[in-house]
Amino acid sequence: MRLSQILALGTVSGAALLLLTACGAQNNRHLARSQTLHWVESADLPTMDPSKSTDVVSGDALHNVDEGLLRIGQGSRLRPGVAKSYRVSKDGKTWTFDLRHSKWSNGSPVTAADFVYGWRRTVKPSTASQFAYLYDHVKNYATINKGKRAPAKLGVKAHGPYQLVVTLSRPQSYFKYLVASQAFLPQNRQVVEKYGSKFATNSRDAVYNGPFRLTGWQGTNDDWTLKKNRQYWDAGQTKLQAVKVQVIKDQALGSVSIKAARLMN
């Protein structure tokens with residue numbers, strides 16, 4: 001996979017996040033009235049499962065309600081996410097991420113184990129993740145994805161609650177960009193197993209660790225709301241209280257609506 005394609009997975013969503021968190025600073029006079037942004041998407045939201053998301057709409061939503069180790073921001077620049085720092089071994093095969101103390105929207109801590117669980121779930125053949133191939137440089141991925149080895153053998157381990165160590169089969173200089181994509185987001189095992197097949201099929205049967213939390217999505221409706229996540233570690237930088245999203249599939253009408261939304265906010 002080319003680096004440009006990898007960046008495309010996160011740049012749109014990263015830019016959206018920067019817009020949502022920074023527009024308050026740019027438009028304080030207007031946002032002081034409601035601190036609500038009205039936003040338009042061109043398609044329905046098909047899933048909020050990080051292991052199964054492949055489209056732009058779910059990717060955009062996931063990067064605003066969830067946070068990975070790193071983030072891709074404006075200009076395709078990486079910035080810290082759940083990982084406050086990281087280091088790479090001299091041979092380029094071992095990546096160590098030191099995690100900050102952060103929380104899920106239900107108040108439980110986000111730990112290295114959440115990344116281990118989410119990554120193993122994504123590469124597991126039964127999950128049928130279309131983005132599992134992004135793990136091709138992670139040790140043992142190939143045999144795990146073919147069902148010849150257990151997901152527990154994937155080259156990722158939790159060293160205590162706040163350190164994640166990833167072992168690659170061969171160096172991959174752009175691995176830091178991969179961990180910013182939705183396929184590498186953490187997943188809360190207790191929540192995933194609680195809801196089973198219903199996990200992330202609506203806004204209630206999921207949990208979030210990003211600047212916003214999803215509400216009002218029943219799985220088939222064409223509107224939903226992102227509400228500020230008070231549990232987010234950097235909530236002070238989230239200027240908006242809410243983002244109301246409406247799906248408008250007519251591109252011409254959608255263009256007019258986006259312009260109207262910007263004027264309103």
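Author: Contact means heavy atoms within 4.5 Å. Keep that in mind. The model here is predicted.

Reader: Which residues is valine 116 in contact with, leaving aside its neighbours within four places in sequence?

Author: They are Val156, Lys157, Ala158 and Leu164. Valine 116 itself lies in helix 4.

Reader: Why is valine 116 counted as buried?

Author: Its relative accessibility is 8%. Buried means under 20%. The value is under the cut-off, so valine 116 counts as buried.

Reader: How far apart are valine 116 and leucine 185, in sequence and in space?

Author: In sequence, 69 residues separate them. In space, the distance is 9.9 Å, C-alpha to C-alpha.

Reader: Now the sheet. What is the order of its four strands?

Author: The order is 4-5-9-8, the sheet is open, and the pairing is antiparallel. On average, neighbouring strands are turned by 20° against each other, direction ignored.

Reader: What makes strand 4 and strand 8 edge strands?

Author: Each pairs on one side only. Strand 4 covers 83-88, and strand 8 covers 156-158.

Reader: How do you know that strand 5 and strand 9 pair?

Author: Count the bridges. Five bridges join strand 5 (residues 94-99) to strand 9 (residues 163-167), in the antiparallel sense. Pairing needs at least two bridges. Five meets that, so the two strands pair. Two examples show the partners. Aspartate 98 is bridged to glutamine 163 in strand 9. Threonine 96 has valine 165 of strand 9 as its bridge partner.

Reader: Which strands does helix 4 touch?

Author: Helix 4 (residues 112-123) packs on the sheet and touches strand 5, strand 8 and strand 9. Its direction makes about 155° with that of strand 8.

Reader: How do you know that strand 8 and strand 9 pair?

Author: Three bridges join these antiparallel strands. The rule asks for at least two, so strand 8 and strand 9 pair. Valine 156 stands opposite valine 166 in strand 9. The two strands form a hairpin, with four residues between them. In the turn, glycine 160 has a positive phi of about 80°.

Reader: On to the rings. How many aromatic pairs are there?

Author: The count comes to eleven.

Reader: Why is the pair of tryptophan 95 and phenylalanine 175 called edge-to-face?

Author: The centres are 5.3 Å apart, and the planes make 65°. A pair needs centres within 6.5 Å, and edge-to-face needs planes over 60 degrees apart. Tryptophan 95 is in strand 5 and phenylalanine 175 in helix 6 (residues 175-178), 80 residues apart.

Reader: What makes these two residues buried?

Author: Tryptophan 95 has a relative accessible area of 4%. Phenylalanine 175 has 0%. Buried means under 20%, so tryptophan 95 and phenylalanine 175 are buried.

Reader: Why is the pair of tyrosine 135 and phenylalanine 184 called stacked?

Author: The ring centres are 4.0 Å apart, with the planes at 15°. Stacked planes are under 30 degrees apart, so this pair is stacked. Tyrosine 135 lies in the loop between helix 4 and helix 5, and phenylalanine 184 in the loop between helix 6 and helix 7, so the pair ties together parts 49 residues apart in sequence.

Reader: Which residues do ring pairs link into a cluster?

Author: The cluster holds Tyr86, Trp95, Phe97, Trp119, Tyr135, Phe175 and Phe184.

Technical notes:
Residues numbered from 1 in each chain as written. Predicted model: local features only at pLDDT ≥ 70, side-chain atom pairs only at ≥ 80, totals over all residues. Heavy atoms only, no water. Axes fitted to C-alpha atoms, helices over the stretch in contact; angles between N-to-C directions. Phe/Tyr/Trp six-rings, centres within 6.5 Å; stacked < 30°, edge-to-face > 60°. Buried < 20%, exposed > 50% of the residue type's maximum accessible area, 1.4 Å probe, protein only.
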